[in-house]
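Hello,

Here is the structure I said I would pass on. My notes on it follow below.

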Amino acid sequence: MAGEEKRPRPLVAGNWKMNGLRGALAEAKAVADALAAQPMPLAANVLICPPATLIMVMAEILRGSPVMFGAQDCHRAASGAHTGDISAEILADAGASAIVVGHSERRADHGETDAVVRAKQAAVHRAGLTAIVCIGETAGQRLAGQTLDVVVRQLDRSVADGSTAANTVVAYEPVWAIGTGLTPTVGDVALVHGAIRDRLVERFGKEGHVMRILYGGSVKPQNARELMHVANVDGALVGGASLKAADFLGILAAYG
Ligand code: PGA
C-alpha cells in the first residue's frame with residue numbers, strides 16, 4: 001500500500017505561463033540566490049517553466065544552481081513543418097529538464113484531448129526529459145460529483161503505459177482552483193490524491209508508489225504548508241505565485 005515505500009523527493013514547479021519579459025529573469029536569479037544562501041538545503045527540487053524565449057538565458061543564469069528549468073508545452077513530433085510549434089528535442093537542446101503537458105489552459109484553448117496529451121508525454125520521454133502531466137476536473141464536473149471519475153479517466157488516458165517515477169510527474173489541478181484564489185479543502189485534496197495514488201500503483205506497481213503527484217491551483221505562501229503536507233501531495237505546480245521571487249520562496253519555505 002501507499003506509504004510503505006520510500007517517499008519521493010517533492011518537486012515545486014513554477015509555471016510562468018505567458019508572462020515574463022527579460023526583466024523577469026531577475027526573479028529566477030533571486031530564487032536561486034536565496035536558496036544558495038540558506039544554511040540547510042531545501043528538501044524539495046525546484047523547477048521554473050518560463051516562456052520558451054527565456055529558456056536559454058535561464059540556463060546561463062541558473063548555471064551551478066540546483067534550480068532547474070523547463071517548458072510549458074511541446075509538439076508531439078521531434079522536428080518538421082509545424083510553424084509556431086516547438087519540440088521536446090529543441091527544448092532539451094536549450095537545457096530544459098522537464099516539460100508540462102496537458103495543462104487545462106492548453107486543453108481549453110487548443111482543444112488538446114487526452115490522446116494528444118499522451119502523445120506529447122511520449123515526445124517528452126523520447127527527448128529524455130520529465131513530463132509533468134496535468135489533470136483536473138472543472139467546476140461543473142465537481143458539482144455533479146464526478147471529480148474522481150474525471151480525474152482517474154484523464155489519468156488513464158493521458159499517462160502512457162511504461163511511465164516511470166523518473167520520467168513522469170502527475171499534477172492534479174482542479175480547473176476551478178486555477179488563478180481564482182479558491183482551493184479544495186485538505187480533505188478533498190487527500191481524497192483525490194489518494195485515488196490518483198491507488199490508480200498509479202495499480203498501473204505501475206512499485207513505480208506508482210513513488211511517482212510524484214503535485215497539487216496545483218492557487219497555491220500561495222499562506223496555504224502552501226498546509227497543502228504540501230497532505231498525504232500523497234509530493235509538491236506543487238504554481239502559477240501566479242511563481243512570478244515573484246518572494247512569493248515563490250514563501251511557498252518553498254514549506255520544505256525549508
Ligand atoms: P495558479 O495556477 O497558481 O495561478 O492558480 C496554477 C497552474 O495553472 O498551474
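**The ligand and its surroundings**

Of the 13 residues around the ligand, the nearest are Lys17, His103, Glu173, Gly179 and Ser218. Please keep in mind that this is a predicted model.

A side-chain N or O atom of His103 lies 2.6 Å from an oxygen atom of the ligand. For Glu173, a side-chain N or O atom is likewise 2.6 Å from a ligand oxygen atom. Gly239 takes part through its backbone: one of its polar backbone atoms is 2.8 Å from an oxygen atom of the ligand. On its own the ligand has 280 Å² of accessible area, and the protein covers 97% of that. Sorted by class, the shell around the ligand consists of 7 polar, 4 nonpolar and 2 charged residues.

**Helix 7 and helix 8**

The other item is a pair of helices. Two packed helices are described by the distance between their axes and the angle between them. Helix 7 covers residues 147–158 and helix 8 covers residues 186–204; their axes come within 10 Å and cross at roughly 35°. This crossing of helix 7 and helix 8 is right-handed.

On the helix 7 side, the residues in contact are Thr147, Leu148, Val151, Val152, Leu155 and Asp156. They meet Leu191, Val192, Ala195, Ile196, Arg199, Leu200 and Arg203 of helix 8. By class, this contact between helix 7 and helix 8 is made up of 9 nonpolar, 1 polar and 3 charged residues.

Regards

Technical notes. Residues numbered from 1 in each chain as written. Predicted model: local features only at pLDDT ≥ 70, side-chain atom pairs only at ≥ 80, totals over all residues. Heavy atoms only, no water. Axes fitted to C-alpha atoms, helices over the stretch in contact; angles between N-to-C directions. Helix = DSSP H or I, 4+ residues; strand = E, 2+ residues; numbered from the N terminus. Left-handed = near helix turned anticlockwise from the far one by under 90°. Contact = heavy atoms within 4.5 Å. Nonpolar A, V, L, I, M, F, W, Y, C, P; charged D, E, K, R; others polar. Near = heavy atom within 4 Å. Polar contact = N/O pair within 3.5 Å; in protein donor to acceptor, adjacent residues only side chain to side chain. Areas by Shrake-Rupley, 256 points an atom, 1.4 Å probe, with all protein chains shown as cover.
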